[in-house]
Every structure is written in structure tokens, then in C-alpha cells.
Amino acid sequence: MRSNHVYFWDQAFLEAQKAYAINEVPVGAVIVREGIIVGRGHNQRISKKNALLHAEMVAIKNACDQLDVWRLDDCDMYVTLEPCAMCTGASIESRLRKVYFAALDEKTGCVLSQYTLLDDKMLSHRVDYEYIPQARCQKIMGDFFETLRDGAKGDRERCPLP
């Protein structure tokens, strides 16, 4: 399983690189069922002008379409950044089994950083999670925002800094 774990992280990171290449916040996600990737996604909200197109949301939709179900209770998600409130909620609503994430999001993260939604005992479905720090995922985020700050890439009106 260890080699599969590394492979799934590599695939999530490839998705983040796709987002970076189109000037999106570099977040990538994959959904895995029985050792096979059934959903992929990267941020597309700027390029497609849709606030819902976070990497996790795209991957969840992709997995639901691929499997022709709405319940992903036998699936795990690997995502390069701690999910926000919307994506954490989608993880719960789609009944994911487990979410692995590789970098904390201190501003909008809702698994450990700002809120701990997945620990809420009042929810009807519990999603397990594990934070597995990955330097490359933290680095690509830092590089992206540093590039924006330097003005070398992107358009501040399209992608304003917080």
C-alpha cells in the first residue's frame, strides 16, 4: 500500500501543477477506490469563472460521474491543500471514507486550521482524515503567491491577493 500511497500523492500533485500552469491557485485532488483513481480535479474557478470549481469539488463530481453514484463511502481523497468549508462539506455530503491532505491552509482550512468540521460529532456521516505534510505541496503554494506578489505572473484583478 505504501507505493500506492506515494503514487496517489504524485497524481494529486500533478493536478496541482495543472492548476499552476493555468494561473490558478495550485491545488490538486484525486479520489481513489480500491486502489484505482476514479476522480481527478484541479482548481478551475478563475479560468472557468465558477466559484464552485475547487479541486476537491471537481474530483468529487468526476468520481460520482465515473462510478454513476453519489455516495463515495468506499473512496478516499488525496488533496494537496487542507479543504475549505465548501470542500469539507462536499466530502461529508458525498460520504467519503477518508481525506488525506498535504498542506495546511491557515486562512480558510476547515479540517484543522480554522475549523474542525470533520470532528463534529453531530454530523450524520464521519469522514476520517489525515494530515501528511508534503514540502512540495507547501512549496508550490508559496511559489505561486510569491510570483503573484512579484507581479511576474497573473492579473491582480483576476486573482486578487487576500
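Predicted model: local features only at pLDDT ≥ 70, side-chain atom pairs only at ≥ 80, totals over all residues.
Q: What makes cysteine 84 a residue in no disulfide?
A: For cysteine 84 the nearest cysteine sulfur belongs to cysteine 87 and is 3.7 Å away, a distance that is not within the 2.5 Å cut-off, so this pair is not counted as a disulfide.

Q: Why is cysteine 84 called buried, rather than exposed?
A: Cysteine 84 has a relative accessible area of 14%, and because buried means under 20%, the residue falls in that class. Cysteine 75, with a relative accessible area of 0%, is buried by the same rule.

Q: How do you know that glutamate 15 and arginine 40 form a salt bridge?
A: Their closest N and O atoms are 3.7 Å apart, and since the cut-off for a salt bridge is within 4 Å, the pair is counted as one. Glutamate 15 lies in helix α1 and arginine 40 in strand β2, so the pair ties together parts that are 25 residues apart in sequence. Glu15 and Arg40 are also linked with Lys18 in a network of salt bridges.

Q: Which of the words buried, partly exposed or exposed applies to glutamate 15, and why?
A: Glutamate 15 has a relative accessible area of 3%, which is under 20%, so glutamate 15 is buried.

Q: What makes aspartate 143 and lysine 139 a salt bridge, and where do they lie?
A: The closest N and O atoms of aspartate 143 and lysine 139 are 2.8 Å apart, which is within 4 Å, so the pair meets the definition. Both residues lie in helix α4, four residues apart, about one turn of the helix. Lysine 139 is called exposed because its relative accessible area of 52% is over 50%.

Q: How do you know that the span of helix α2 is close to the expected one?
A: Helix α2, residues 55-67, has 13 residues and reaches 18 Å from its first C-alpha to its last, while 18 Å is also the span expected at 1.5 Å a residue.

Notes
Residues numbered from 1 in each chain as written. Heavy atoms only, no water. Helix = DSSP H or I, 4+ residues; strand = E, 2+ residues; numbered from the N terminus. Expected span 1.5 Å × (residues − 1). Buried < 20%, exposed > 50% of the residue type's maximum accessible area, 1.4 Å probe, protein only. Salt bridge = Lys/Arg side-chain N within 4 Å of Asp/Glu carboxyl O.
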